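Visitor: I would like to learn how to read a protein model step by step. Could you take me through one, giving the general idea before each case?

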Amino acid sequence: MDNILTIKLTNGQTITLNEVSTVAVTTNDAVIETTSHDFLNIGRAVKYDITYEGSQHKVFAAEDITSADVVEK
């Protein structure tokens with residue numbers, strides 16, 4: 001199953017990442033490894049490290065993301 005993640009940023013930009021496998025959510029006191037589904041619901045996040053297309057990474061500060069939608073294909 002191919003997860004396609006579309007992220008809307010606070011600067012108005014939209015980014016689409018294909019084949020998203022994991023998201024590492026960093027809080028003030030932990031790193032939580034999760035899937036691309038509902039990762040924005042983890043409280044007190046300070047950054048998100050998204051793994052996509054095998055081993056590619058994109059890192060976003062929590063305050064830079066306004067929304068995220070996942071589509072499974």
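Visitor: Leaving aside its neighbours within four places in sequence, which residues is Ile 32 in contact with?

Guide: Before I answer, please keep in mind that this is a predicted model. To read contacts, one sets aside the close neighbours in sequence and looks at what remains; for Ile 32, what remains is Val 23, Ala 24, Val 25, Thr 27 and Ile 42. Ile 32 itself belongs to strand S4, and its C-alpha atom lies 8.7 Å from that of Ile 42, a residue 10 places away in sequence.

Visitor: In what order do the 4 strands of the open sheet stand, and is their pairing parallel or antiparallel?

Guide: The order within a sheet is read from strand to neighbouring strand, and in this open sheet it is S4-S3-S5-S6, with antiparallel pairing. Strand S4 (31-34) and strand S6 (56-61) are the edge strands, since each of them pairs on one side only. If direction is ignored, neighbouring strands of this sheet are turned by 20° against each other on average. As a detail to look for, S3 and S4 are joined by 4 bridges, and Thr 26 has Val 31 as its bridge partner in S4.

Visitor: What is the order of the open sheet of 3 strands?

Guide: That sheet has the order S2-S1-S7, and its pairing is antiparallel. Its edge strands, each pairing on one side only, are S2 and strand S7 (65-72). Neighbouring strands are turned here by 15° against each other on average, with direction ignored. Between S1 and S2, which run antiparallel, there are 4 bridges, and Thr 6 stands opposite Thr 16 in S2.

Visitor: How many residues does the largest nonpolar core have, and which have the most contacts inside it?

Guide: The general idea is that, in soluble globular proteins, nonpolar side chains tend to be buried together. In this model the largest nonpolar core has 16 residues, and those with the most contacts inside it are Ile 7, Leu 17, Tyr 48, Ile 50 and Phe 60. Two or more residues come from each of strand S1 (3-9), strand S2 (14-17), strand S3 (20-27) and strand S5 (45-52), with S5 giving the largest share, 4 residues. When residues up to four places away in sequence are not counted, Ile 50 touches, among others, Leu 5, Ile 7, Leu 17, Val 20 and Phe 60.

Visitor: How many aromatic pairs does the structure hold?

Guide: To read such a pair, one looks at the ring centres and then at the angle between the planes; the structure holds 1 aromatic pair. The rings of Phe 39 and Tyr 48 have centres 5.0 Å apart and planes at 75°, so this pair is edge-to-face. Both Phe 39 and Tyr 48 are buried.

Visitor: Which residues is Val 46 in contact with, leaving aside its neighbours within four places in sequence?

Guide: Val 46, a residue of strand S5, is in contact with Thr 26, Thr 27, Asn 28, Ala 61 and Ala 62 when those neighbours are left aside. The C-alpha atoms of Val 46 and Thr 27 are separated by 5.3 Å, although the two residues are 19 apart along the chain. With 39% relative accessibility, Val 46 counts as partly exposed.

Conventions. Residues are numbered from 1 along each chain as its sequence is written. This is a predicted model: local features need pLDDT of at least 70, side-chain atom pairs count only at pLDDT 80 or more; totals for chains, interfaces and linings use all residues. Side-chain values use heavy atoms; hydrogens and water are left out. A nonpolar core is a set of buried Ala, Val, Leu, Ile, Met, Phe, Trp, Tyr and Cys residues joined through side-chain atoms within 4.5 Å. Buried means under 20% relative accessible area, exposed over 50%, partly exposed in between (1.4 Å probe, protein chains only). Contact means heavy atoms within 4.5 Å. Rings of Phe, Tyr and Trp (its six-membered ring) pair if their centres lie within 6.5 Å; planes under 30 degrees apart count as stacked, over 60 as edge-to-face and the rest as tilted. Two strands pair if DSSP finds at least two bridges between them. Axes are lines fitted to C-alpha atoms, for helices over the stretch in contact, and angles run from 0 to 180 degrees between N-to-C directions.
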